[in-house]
Amino acid sequence: MSTDVEVVGQDTGPPPEEVSASGVEALVRRGLDNLRTGNLGVLPIFLALVFIVVFFGYRATNFFTAENFGNIIIQMAGTTMLAYGVVFVLLLGEIDLSISYVAGIGALAVAELQNPTSSRSGMSGLIAIPLAIAICVVIGLVQGSIVAKIGVPSFVVTLAGFLIWQGVIVYKLALPGSIIIQDRWINYTGSYYFSHLAGWLIAAGVTVLYGVVTLGSIAGSVRAGLKVQNKGLVIAKVLGVAVAAFGVVAICNSASIQGTPLGLPLAGVIIVVFLVVLTYLAKRTTFGRHVYAVGGSAEAARRAGINVARIRILVFMISSGMAAIGGIILAANVNSVDTNFGGGTLLLDAISAAVIGGTSLFGGRGEVRNAFIGGAVIATVSNGLNTAGYNPGTIYMVTGTILLLAVTLDTVVRRLQVKSGR
Amino acid sequence: MTDTPLLELRGITKSFGSVQALSDVDFEVRSGEVMALVGDNGAGKSTLIKCVAGTHTADSGEILFEGREVHIHGPKDAASLGIEVVYQDLALCDNLDVVQNMYLGREAHDRLQRLKEPIMEQKTAETMKSLAVTTIRSIRQPVATLSGGQRQSVAVARAVMWNSKLVILDEPTAALGVAQTEQVLELVRRLAQQGLAVVIISHNLHDVFETANRITVLRLGRNVGIYERDKTTQQEVVAAITAGVPTKVSGIPHAATGAAS
C-alpha cells in the first residue's frame with residue numbers, strides 16, 4: 001500500500017522529473033522503468049494468479065462463484081497471517097521454522113482458555129485471544145533472544161522450537177485428543193460475515209482512508225518543496241483501491257448459502273488490516289527502516305548505531321505473534337484444536353507464500369504485500385484443485401512448481417540486471 | 001587554519017594481549033587541513049583511528065578535542081563530539097537508497113517513530129548539492145546501483161551531514177578507478193576548504209600528496225614523523241614508512257624522540 005510520493009523500498013519509481021504525462025501514461029512508464037531495471041515486483045505472480053483463476057474458472061464448475069470467493073478468503077487468512085511474520089524474519093536474512101507449531105500453541109492456548117473445566121468456567125474469547133497472542137510473543141522473545149544475544153543460528157533455534165512446541169501440543173492433547181472451540185468470538189475469526197451494509201461501509205472507509213493518507217503524504221512533500229508525482233497517477237491509484245474494495249464487497253455480498261445471504265468475511269478484513277498495519281510498520285517507521293538495514297548489512301547497521309540485537313528480537317516476537325493470530329484463525333476454521341494442529345504443510349505454505357510473492361531469502365528485500373499475494377496464490381491453487389476434483393498430491397506438485405518458477409524468474413531477472421551493469 | 005589542533009592525541013598506548021599495537025603515539029589535526037596518516041601494514045593506523053572513533057579504548061594517553069581532554073568510550077561519544085569515520089568497507093546498506101543510507105540509525109521521526117521522509121529527502125539533496133556531488137542520478141535509487149566512487153561520495157556525505165568537525169577516511173580510494181579516485185579526492189579537498197578537519201588514511205602516496213597538507217608517518221606502532229607536503233618528497237615519505245628514518249621532523253617535537261628510540 002504505497003502512497004504516491006514513492007519514498008521507500010526497492011520499487012522506487014522513476015525520478016520525479018520524468019513524470020509529467022497523464023496518469024495512465026505515467027503508470028505505464030513506471031512499469032516499463034521497473035521492467036528495464038529488473039524490478040518486476042509482484043507483477044509476474046499477479047499475472048500467474050489471474051491465469052490460475054481463469055484456468056480453474058474453466059475447469060471447475062463451482063470454482064468461479066461468489067461463495068467460493070469468500071471461501072478462498074477464509075482459507076488464505078490463517079496461512080497469510082503466518083506469512084506476514086515470515087516476511088519480517090526473511091527481511092533480516094533469518095528463518096523461523098517454529099511458526100507452524102507456535103501457531104498451534106496459540107490455538108491450543110485459546111482453546112484451553114475458553115474451555116470450561118470443573119474448577120472454572122471458560123474465558124471469553126475477547127480475553128483468551130490477546131492472552132494466547134501474548135504467550136506466543138513471549139515464545140518469540142525467548143527464541144529471538146537466543147538468536148540475537150547468544151548467537152545460535154536461527155535455523156537451529158527455531159528447528160528446536162518446531163520440535164518443542166509440537167511436543168507441547170501432542171503432550172497437552174494426548175488425553176482429550178482434541179478441544180472443541182465453542183466461544184463465539186474465537187469462531188467469528190473464521191466464520192463471521194459482515195452484513196451487506198457494513199461491507200459497503202468498510203469498502204468506503206478503506207477508500208477514504210487510502211485517499212486521505214495519500215493526500216497527506218503529498219502535502220508533506222509539497223511543504224518540503226519536493227517534486228510530487230503526477231496527479232493522474234495518484235487518482236489512478238486511489239481509483240484502483242476503490243475498485244478493488246468495492247469489487248470484493250460486491251462479490252462477497254452476492255454470495256449466499258441455501259438462501260442465507262453471506263457477506264464480507266471478517267477474515268478478509270483481518271487480512272487487509274494486518275496488511276496495512278504491517279506495511280506501515282515496515283515502510284514508515286524507524287523500526288521498519290532498521291529491519292531493512294539489518295537485513296541489508298548487519299555490520300553497517302551496527303556501525304550506524306542501530307541496536308541490531310533488539311531489532312532481531314522484536315522481529316522474532318512479531319513472527320511468533322503473527323503465528324498465534326494465524327493459528328487462532330485456522331482453529332476457528334475447524335472449530336477445534338487437535339494433536340495434528342500446526343503440522344502438514346502449514347509451515348512450508350507460509351514460507352512459500354512470502355517467497356512466491358518475491359521476498360528474498362537472503363535478507364533486505366521484500367514487502368509485506370508479497371505475503372498477501374503469495375497467500376492468495378497458494379489458497380487459490382489449493383481451492384481450485386480441490387473443487388476441480390484433483391488428487392491432493394497434485395496440489396503439492398503444482399504449488400511446488402509455482403514456487404520454483406516464481407523464484408527462478410526472480411533470480412534470472414536479477415542476474416540480467418547485474419549483467420546490464422547495475 | 002587555526003593554531004590549536006582540533007584533535008590532539010598524546011602518548012597513546014594500546015596493546016592487544018602481548019602485542020603492542022601503539023606505543024606512545026602522538027597525533028594531531030587542525031580544522032581546515034587534510035592530515036594524512038600513512039604507514040605500512042601493521043603500523044597501527046587503524047588502531048589509532050579506532051581509539052578516536054570509540055571502537056577501542058586506549059590503554060594510556062590523552063585525547064584532546066578543541067583543547068579539552070575528552071574520553072571516548074563508544075561510537076556515540078565520538079559522534080556527539082563531531083567525529084565521523086568513513087570506513088574502508090563503507091558500511092552502507094546496498095538494499096537501501098541514498099537518503100535512507102544518509103540517515104541510517106538517525107532517521108528523522110516524530111514521537112510515534114513515524115519517518116519524516118520529505119525532510120530527510122530535502123536535507124540529503126542539500127548536502128549533496130553543497131558537496132557538489134552531481135553524478136548521482138536520483139537520491140532515491142538503491143546504493144547497490146551506484147558506482148564505487150558514488151558510493152564513497154555517499155559515505156563521505158553522510159559523515160559530513162551531521163555537523164561534524166572531524167572526518168576520518170579509511171582508505172577512501174582503495175577500490176576505485178582513476179576517474180572515481182579523482183572525484184573522491186576532489187571531495188576530500190572540498191571538505192577541508194569548508195573548514196572541516198580531515199584525516200585520510202591511505203596506502204597510496206599519490207593520493208596523499210594530491211590532498212594532504214601534512215603527513216603523519218607511523219611505523220610498528222610508533223611515530224616516525226610529521227611531514228609538510230610542500231617540503232617533502234614521496235621518496236622521503238616512502239623511506240620513513242619502510243625504514244622509519246626520521247629524516248625531517250616538524251611539528252610535535254616529541255615525535256622525533258619517539259622515532260629515534
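1. A word on terms to begin with: the domain bounds used here come from an automatic or database domain assignment. With that in hand, the centres of domain 1 of chain A and domain 2 of chain A, taken over C-alpha atoms, are separated by 28 Å. Please keep in mind throughout that this is a predicted model.

2. Staying with chain A, the assignment places residues 71–192 + 265–378 in domain 1, while domain 2 covers 193–257. Domain 1 of chain A gives four residues to the contact between the two, and domain 2 of chain A also gives four. On the side of domain 1 that touches domain 2, the residues divide into four nonpolar, no polar and no charged.

3. Next comes the contact between the chains. Chain A brings 30 residues to this contact and chain B brings 28 residues. On the chain A side, helix H8 (196–223), helix H11 (286–296) and helix H12 (298–303) each supply at least two residues. The largest share of that side comes from H11(A), with seven residues. By residue class, the side of chain A that touches chain B holds 11 nonpolar, 12 polar and seven charged residues.

4. Now for chain B as a whole. Its secondary structure consists of nine helices and 10 strands. Along the principal axes, the C-alpha atoms of chain B fill a box of roughly 55 × 40 × 35 Å. For 261 residues, a compact globule would have a radius of gyration near 18 Å, so the 19 Å of chain B agrees with that expectation.

5. Two further totals describe the packing of chain B. Of its 261 residues, 50% are buried. If you look at contacts in chain B between residues at least 6 apart in sequence, 65% of these contacts join residues at least 24 apart.

6. One sheet in chain B is worth a look in your viewer. Four strands make up this open sheet, in the order E2-E1-E4-E5, with antiparallel pairing. Strand E2 (19–29) and strand E5 (68–70) of chain B are the edge strands, and each pairs on one side only. From one strand to the next, the twist averages 30 degrees. As background, strands of a sheet pair through backbone hydrogen bonds, in either a parallel or an antiparallel way.

7. Zooming in on one end of that sheet, strand E4 (residues 60–65) of chain B pairs with E5(B) in the antiparallel sense over three bridges.

8. Two backbone angles may interest you. In chain A, the phi of A:Asn335 is near 55 degrees, which is a positive value in a residue other than glycine. A:Asn335 lies in the loop between helix H13 (308–334) and strand E4 (336–338) of chain A.

9. B:Leu220 is not a glycine, yet its phi is positive, at about 50 degrees. The loop that holds B:Leu220 runs between strand E9 (214–219) and strand E10 (222–228) of chain B. B:Leu220 has 15 C-beta neighbours inside 10 Å, and therefore counts as partly exposed.

Conventions:
Residues are numbered from 1 along each chain as its sequence is written. Chains are lettered from A and ligands numbered from 1 in the order in which they are written. This is a predicted model: local features need pLDDT of at least 70, side-chain atom pairs count only at pLDDT 80 or more; totals for chains, interfaces and linings use all residues. The radius of gyration is taken over C-alpha atoms; the globule rule is 2.2 Å times the number of residues to the power 0.38. A residue is buried if 20 or more other C-beta atoms lie within 10 Å of its own, exposed if 12 or fewer, and partly exposed in between; C-beta atoms are placed from the backbone. Two residues are in contact if their C-beta atoms, placed from the backbone, lie within 7 Å. Ala, Val, Leu, Ile, Met, Phe, Trp, Tyr, Cys and Pro count as nonpolar, Asp, Glu, Lys and Arg as charged, and the others, Gly among them, as polar. Two strands pair if DSSP finds at least two bridges between them. Axes are lines fitted to C-alpha atoms, for helices over the stretch in contact, and angles run from 0 to 180 degrees between N-to-C directions.
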